[in-house]
Amino acid sequence: MPRTVTGTGAPRGERGAARAPLCAALALAILLGFGALMLARPSAGEAGRVLLYVLLFNLLPGVAAARLLLGPARGAADVALLALPAGIVANLLAAVLAWPTGASWLPWTLPPAGAALLAMTIRRGREGPRWPAWKDVPRWAGVALLLAVTSLVGMANVLAGDPGDAFSFHSAFQAIIVRGLERGWPAPNLLLPDTNWSYNHAAHLWVLGAARVTGVPVDALVARYGPVVLAGAAAAGLVAAGRIALGLPGWAAALALGPVFWVAGIPAVLGQVFGTFVPFSGVLLLSPFLALAVFLIAVIAVVEWPGGDSGEQSGGRYGLPLLLFALCFLGTGARAALPPVLICALGLRAAVALWTRRTVPWRETADVAAAILGFAAGLWLFFRPDAGLNGLGFVQFNGHPFRYLTEPSQYLLTLPHLLTGAGLPALAAGVIAFLVLALGQAGFLAPALPAGLARYEDGRGGDRRGGDGRGGDGRGAAVLLLAGAAFAGISALFLTEAPGYSQFSFVHFANASLALLGALGLSRLVADRGWRRPAGLAALVSVAALAVLHAGQFRGPALDWLAARAVPGLAAPVPPVATCLDPADAALMERVTEPRAVVILIPRTPDGTFLCRTFWAVARSGVQGMSHYALTFVPGRAEGPLGRLLAERGGIMTAALATAAGGALPGAEMLRLRATLDPARPAYALTDTSLVGVPDGAEVVARGVAFTLWRLPGGG
């Protein structure tokens, strides 16, 4: 008889004893998760409510979804790793359905539905889950600790220092999106009157749901707790994909986290040469973390779905296309770069199936079609291309990045400028820099990539899980998908350009894919004792040398922050999220009580501090603003009457900024901006207190420390 009870028919006492180690491991994981939330924002009440929300509305349905996807034969460790990303996806699918329909009750069905589904899957399983033994508890605790610390790397970089309030105003921007979502679908852009969001805002719906259920303020969720939870979900998804789809040993799957998540800020080599900075963008934007989690679930689903490749269970052939439709639909709202990358990977899978079978691969073709349809549905819901403002319209197809990389205005990547400064022609410098960037997506695991790619198998027939339940022919399918996603992501970066370096969203998926493939190659080199061969020894030495370089690139302030707050941070007072905004200035916006009111935001110096203050004022009040930032960097391409209206407002705002720069209140421009609004809408202006002058017909409502609130003439 086995030492661990697995059968569902075992006596109740034996089942309880077998599950005791699992309960202990889960308790340790929950405590570590609570600690991570407390480190991000030390408020026991808020962190406890967020943790309870994650457990009931995400993990519980996530465990049920993971068991459905993986089947009863999988061990509890694999189910636990997949539970958080799968639960967040289930949570968001319910939230996305509830948002446009107004069915606010729908997310509340997740806890009971998850519990019922989990009970059903356990009872229907021919074999119970393989519970961990007591000797496994330290390993579970180690994995939970690793994921908890990994989820804090990006947050540590932000909280270690915020020059010019740049990080804070980005968080405020995300909070403004959430406040717009509160008003329903389509969500208004609270920085740009008369427009709706055409944007990646699925992650913001998760924040909105958490705020409504827990009562935790939106600013705390969007700037502190949300990034930690979503980063943890993406990191768990990466380890789960390594273990489940590639059959990696635990140490190799954990190493794959390094090139993707253990990058603080935008370091000199990892960020400014290799172009890898997932934690940086994930903390500031939220959506990159969610997009990675959705992508990794899709990879696992294609490999593991019953009937997805072999038709082992009836109905499986239909279930996988439906799941891919849902994932691409949600992935469009997570990050619009995801569906094209996934569609290309699925297309490569279908092309290889056509080549190897010499017949039409109907199942693979159906998967591609489902992904395309999900992408189209996501574009309609999240980006509203028929609403006059196309959030994807600013993407340019340049054909190659070499000229762009060497332009003086390109400040993110330094290698092209170093090469041109050394005398290389611009074209040669751009080519070299891009090749280094492409190879650098695997980070310190890049030398092991050839060994990982060599693990490809065509996946025809056989048990995908292999003899040990992890790998077999499914490993070849996973290698093919990850290689296709990496190629698609790098190719998209090669072809496109977008403001704010948004095109680098494509290579986030290449970063994760190549890190996993590099970890697969490293595990193969170790298992085959590759150090006995010159090529294998060179690869292993190169991995070690690059790992030392990677460790040296870990930003000092971020590491210091983690070390300093590891213990005393749990008892620290709760710091304000928006340190740039004085309470007296925040109270000004609370005086604007009319539902349709618009507040025109007029700076004297349009710097990061002004953006931080005004963005947080809008985010906390939920009042409609009109920002020079949004008029200058319109989030998309506006056409027709809306395009002309925004161009007119942008021109007036530019003139207002020129007047304010001289110290005078731009009263005439304020009234002209007011004239572009619906005359029935109440209008206000929030101006720098140092500006001198009084607009005709305007009256002072109140004065704060940095701002004065004016009531403009007109309105109901």
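Analyst: A residue counts as buried under 20% relative accessible area and as exposed over 50%, being partly exposed in between (1.4 Å probe, protein chains only). Strand β7 (residues 683–688) has six of its six residues buried, so it is largely enclosed by the rest of the structure. Helices (H or I, at least four residues) and strands (E, at least two) are DSSP runs, numbered from the N terminus. This is a predicted model: local features need pLDDT of at least 70, side-chain atom pairs count only at pLDDT 80 or more, and totals for chains, interfaces and linings use all residues. Residues are numbered from 1 along each chain as its sequence is written, and side-chain values use heavy atoms, leaving out hydrogens and water.

User: Which strands pair with β7, and in what sense?

Analyst: Two strands pair if DSSP finds at least two bridges between them. Strand β4 (residues 598–602) pairs with β7 in the parallel sense over five bridges, with I602 opposite T687. Strand β9 (residues 707–711) pairs with β7 in the antiparallel sense, also over five bridges, and there Y684 stands opposite R711.

User: Which residues touch the most other members of the largest nonpolar core?

Analyst: A nonpolar core is a set of buried Ala, Val, Leu, Ile, Met, Phe, Trp, Tyr and Cys residues joined through side-chain atoms within 4.5 Å. In the largest, of 229 residues, they are F261 and W616. Helix α9 (residues 218–245) supplies the largest share of this core, 20 residues. Another core, of eight residues, lies apart from it and includes A429 and A433.
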